[in-house]
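Subject: Structure for you to look at

Hello,

Here is the structure I promised to pass on. Please open it next to this note and follow along.

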Amino acid sequence: MRLADRIAPALLVLMTLFVFILLYGPLMVPIVSSFFTVSHGAVDWSQPTTSAYVALAANEGVLNALWTTLVVGSGAVVCSVVLGTGIALYYTSPNAKGRGFLQFIIFLPFLMPPIITGLALLIFFRQVEFERSLVTIIIGHTVFVLALVYRTILTRLQSLSGSLVEASYDLGASRWQTFRLVLLPNLSSAMVGAAVLAFALSFDETMITLLVTGTQSTLPVRLWAMMRLGFTPDINALVALVLLFTTALCLIAVRFLMPKSAVAGSDED
Amino acid sequence: MNEAGVLLKLRSVSKSYGATAILHDIDLDVRDGEFITILGPSGSGKTTILRLIGGFTKPSGGEILLDGRDIAAMPINQRPFNTVFQDYALFPHLTVEGNVGYGLAVRGTPRAEIAKRVADALELVQLGPLGKRFPAQLSGGQRQRVALARAIICRPRLILLDEPLAALDVELRRHMQSFLKSIQTEIRTTFLFVTHDQEEAIAMADRICVMNGGRIQQIGSPHEVYYRPSCEFVAKFFGENNLIPGTLGPTDGKTRSIDTAAGRVICAVDGQPDMAAAPEGSPAFAVCRPEAVTIGDDAAGENRFPVSIGQVAFAGASTMATATALDDPGLSLKARMPSRPGGASLRPGDTVTFVVPASTCRLVPA
Amino acid sequence: MSSRVADAGVEAPAAHPSPSRLVPWFAALAAYAVPIWFVLAPMALFLGYSFFSVDKGNIVFTPTVANYVRFFTDPVFLPIFWRTCLLCLAVAVLCVLFAFPVAYFLTTLRGRRRYVLLVLLLVPLLMSYVIKIYAVRSILGGNGMLNRALLATGLIDKPSMLFVFNLNAVLLTLTVLLIPFAVLPIFLSLERIPKALRHASADLGASNAQTFWRVTVPLSLPGTLSAMSFVFVLAIGDFLTPQMVGGQSGFTFGRIIYSQFGTAFNWPFGAALSVILAAVVIIAIRLGGRVESSRGRIQ
């Protein structure tokens, strides 16, 4: 009679395990094969080697792409955090106009498929005769990550008690002092978390970049071009490094954004 | 082996989480058809008793006997009990009818019968026309009634109510108290009601089980726990009371004297064999309710305390006088008297006599 | 800039009246400038473009609905459009089928373990999309892991072409890629169901299976539907996956749009196709959020 109650949990564990294999298993293939050589489309498992990594260090195209990615990422992070904070502050201010409309515009690039955002920007840049360059990529990425950054900071801002600001005024602080001494310290961890998240998103963004880029290519775009040619140790080595980097970014973002109670663990009953 | 009239027996039931003991050695009989209230401050273990009976947690020790059979291992869904949860736990995705009929539906009852019984149950709780509404569209009192209807429709042998009135405002709570009581009388089902509100317990229960610190302090009728407390905690738990410390003197079987700093006090001990049998010289309290105190030299009563009035507080229907015993300046005594339109005749500083008949004076161990 | 931010963000108390009535307008202007210039304007222009046409490589700025007429009458586009919708719907269903048990399992865990596992499920979300496609392709290929595993176990005797460079490969790849997106909303909706409701169900005599089907599943429906719409939207907008694993036969709507801006070089028509894509996306988002508002909510 209780048989079903016993089988169900076991099935759940198996399903979860299977999904984990689906998510992480494929990633292991390029990582593991990056330490071996490939000849005629087959991996030679006999001799582990780091030659692919050494070759990567000398690959100009990849190094340039990496540099472009970092510049774009930093640019997008700075723009989106400044904008996101400003708009979040505006949104919570009592005399803000058209809050819903403003929020709708900000969320559009996040809700719409990236291909639409990318194409819209592509047409726009052409129409206003704005040369496609690093700047256009940064704009594209900023517009894309803005929704997330804005939302993260707004959530923190709304969780702050309104009396905090009133108390600051009550004690004689000016608006600027209140922002710098009261709001900013309370927002900083959300801003850092949002920045890390924005950087991670920008680091991986491919579809918009493909459309708004000029001659530069970011790392994912470069990878995309390389991958269409086939399965090579260089790509695998690059894949392994990128995965390592994004995983580290994720863990940092989690540290800043995870509610403290969740990290500490909340057990009841 | 099942005594007539006893539905459920708890025998030395205990519960602990890790090293923290929540319940110690609970012995409790729930009688068939009674309205029993488990009363205690928060953290006293009262809700744990309900959860143990309902099957939501398992006891660490002892037995819970239904018809002489231990049900500690019986799954929740097979117990012939239903629960009215503290926050009602109504299913938000089901209508009132869906909620009330849930217990019948999961048992495979035919639709026509479910519809009929749901209509009857809603009629009983006076929610007839609201069957198609969702819980989110109901007021607190209405949700309360839905939860009650949902619990009674399967005709359980016992209904567990976990502080069901706590979320309601005072006026609605008074109304729901008498409503619950009338429903219980009508369907003649045993109610086990958990609350932290003494007045609520007194107003509704046939018997009250007073809990503190995971132990049962006293089980008795509302009248008994109010006027004949068995311990200091119960004596202090129900409203204002006078406790006069002293040591036990001799007894004649019906009354017993206690020597206090304010003189010898004579107390009734009928129905309290423990107090009658306690050795002489052991510490105890003489206990009497402020409303049992009469004021004036000519009043009749064995125990007389000359006092100096400290404070006179008007509280609507009654007026409370707080005084200090002249023989023991450390002893504060209270007397409650009916208020008069002209105001109390007592003034702070007046010297009067508090008179307490032995029949209204009781002993509790210190 | 910074002082503008402070002006905008905090309410001026009566004792500190605004120095000028222009401040709110200035703040509004600053807050709206970038979103309007770089989001709204491009999108509006984009919509406008869909009503233009192209002649010998030059864009003709005369309004016409020819692009839309072409989409609905041409024998090529409509079938691919429907096939893509169906494909993405299948991806959404598959993702939910995989994600639901995982999300449910997460809710049975306590405290720290639950969140560690959740983070592990969400980490792939931030991993490079291109890399994930590449990784899955290395498994699916004719000479990939899956085929070799099947050969090794003797289930097949020559490499199967069922999932090599076709729509099946797109379906499988998208499913693997998008499962984490489905886990999160389902987990959140399951987590929001109060334990008391499951207790109440058992208390009223329901078995675990009855409680699951009568309480847990209906109450997680909003999360499940938003998971489906989420996955659908992500899948239908993707043109990288079909391009990488779809081969010649795995042609999808996203690829067609992309090709209008590359090889075909017909921007107005591409814009019109994108507007249709946007319409589908909006419908999907609407459907995904519907149930939440029309039914009773958990307080």
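Where in chain B is the place of Arg188(B)? Look in the loop between α5 (170-187) and β8 (190-195) of chain B. Phi of Arg188(B) is near 50°, a positive value in a residue other than glycine. Arg188(B) has 8 C-beta neighbours inside 10 Å, so it counts as exposed.

Bear in mind that this is a predicted model. The predictor gives the complex an ipTM of 0.83 and a pTM of 0.82.

**Another positive phi in chain B**

Gln126(B) is also worth a look. Its phi is near 60°, again a positive value in a residue other than glycine. Gln126(B) sits in the loop between α3 (111-124) and α4 (140-152) of chain B. Is Gln126(B) buried or partly exposed? It counts as partly exposed, because it has 13 C-beta neighbours inside 10 Å.

**How the chains meet**

Two pairs of chains are in contact. Chains A and C share the most contacts. On that interface, 77 residues of chain C are in contact with 74 residues of chain A. Helix α2 (residues 22-49) of chain C gives the largest share of chain C's side, with 18 residues. By class, the side of chain C that touches chain A has 61 nonpolar, twelve polar and four charged residues.

Chain B also touches chain C. Here 21 residues of chain B are in contact with 20 residues of chain C. On the chain B side, the elements that give two or more residues are β6 (81-84) and α2 (96-105) of chain B. That side of chain B has twelve nonpolar, six polar and three charged residues.

What about chains A and B? No contact joins them. The closest C-alpha atoms of chain A and chain B lie 9 Å apart.

**Inside chain A**

Start with helix α4 (residues 99-111) and helix α6 (residues 134-159) of chain A. They pack at an angle of about 120°, with their axes 7 Å apart. The crossing of α4(A) past α6(A) is left-handed. Which residues of α4(A) meet α6(A)? They are Ile106(A), Phe107(A), Pro109(A) and Phe110(A). Across from them, α6(A) brings Val143(A), Phe144(A), Leu146(A), Ala147(A), Leu148(A) and Tyr150(A). The contact of α4(A) with α6(A) has ten nonpolar residues, no polar and no charged.

Next, go to helix α10 (residues 219-227) of chain A. Eight of its nine residues are buried, so α10(A) is largely enclosed by the rest of the structure. The buried ones are Leu219(A), Pro220(A), Val221(A), Arg222(A), Leu223(A), Trp224(A), Met226(A) and Met227(A). Note that Arg222(A) is on that list.

**Inside chain C**

Chain C has 13 helices and two strands. Of its 299 residues, 47% are buried. Take the contacts in chain C between residues at least 6 apart in sequence: 70% of these join residues at least 24 apart.

One helix pair to inspect is α6 (residues 129-140) and α8 (residues 167-191) of chain C. Their axes come within 10 Å and cross at roughly 130°. α6(C) and α8(C) are therefore oblique to each other. The crossing of α6(C) past α8(C) is right-handed. From α6(C), the contact uses Lys132(C), Ile133(C), Val136(C) and Leu140(C). From α8(C), it uses Ala169(C), Leu172(C), Thr173(C), Val176(C) and Leu177(C). By class, that contact has seven nonpolar residues, one polar and one charged.

**Confidence in chain C**

The mean pLDDT of chain C is 81, and 88% of its residues reach 70 or more. Which element of chain C has the lowest mean pLDDT? That is helix α1 (residues 2-9) of chain C, at 40. Helix α4 (residues 77-108) of chain C has the highest, at 93.

Two stretches of chain C need a note. Over residues 1-20 of chain C, pLDDT stays under 50. The model has 40 contacts beyond four places in sequence for that stretch. Over residues 293-299 of chain C, pLDDT also stays under 50. For residues 293-299 of chain C, the model has 14 such contacts beyond four places in sequence.

Best wishes

Key. Residues numbered from 1 in each chain as written. Chains lettered and ligands numbered in written order. Predicted model: local features only at pLDDT ≥ 70, side-chain atom pairs only at ≥ 80, totals over all residues. Axes fitted to C-alpha atoms, helices over the stretch in contact; angles between N-to-C directions. Helix = DSSP H or I, 4+ residues; strand = E, 2+ residues; numbered from the N terminus. Left-handed = near helix turned anticlockwise from the far one by under 90°. Contact = placed C-beta atoms within 7 Å. Nonpolar A, V, L, I, M, F, W, Y, C, P; charged D, E, K, R; others polar. pLDDT = per-residue confidence, 0-100. Parallel < 35°, antiparallel > 145°, perpendicular 65-115°, else oblique. Buried ≥ 20, exposed ≤ 12 C-beta atoms within 10 Å, placed from the backbone.
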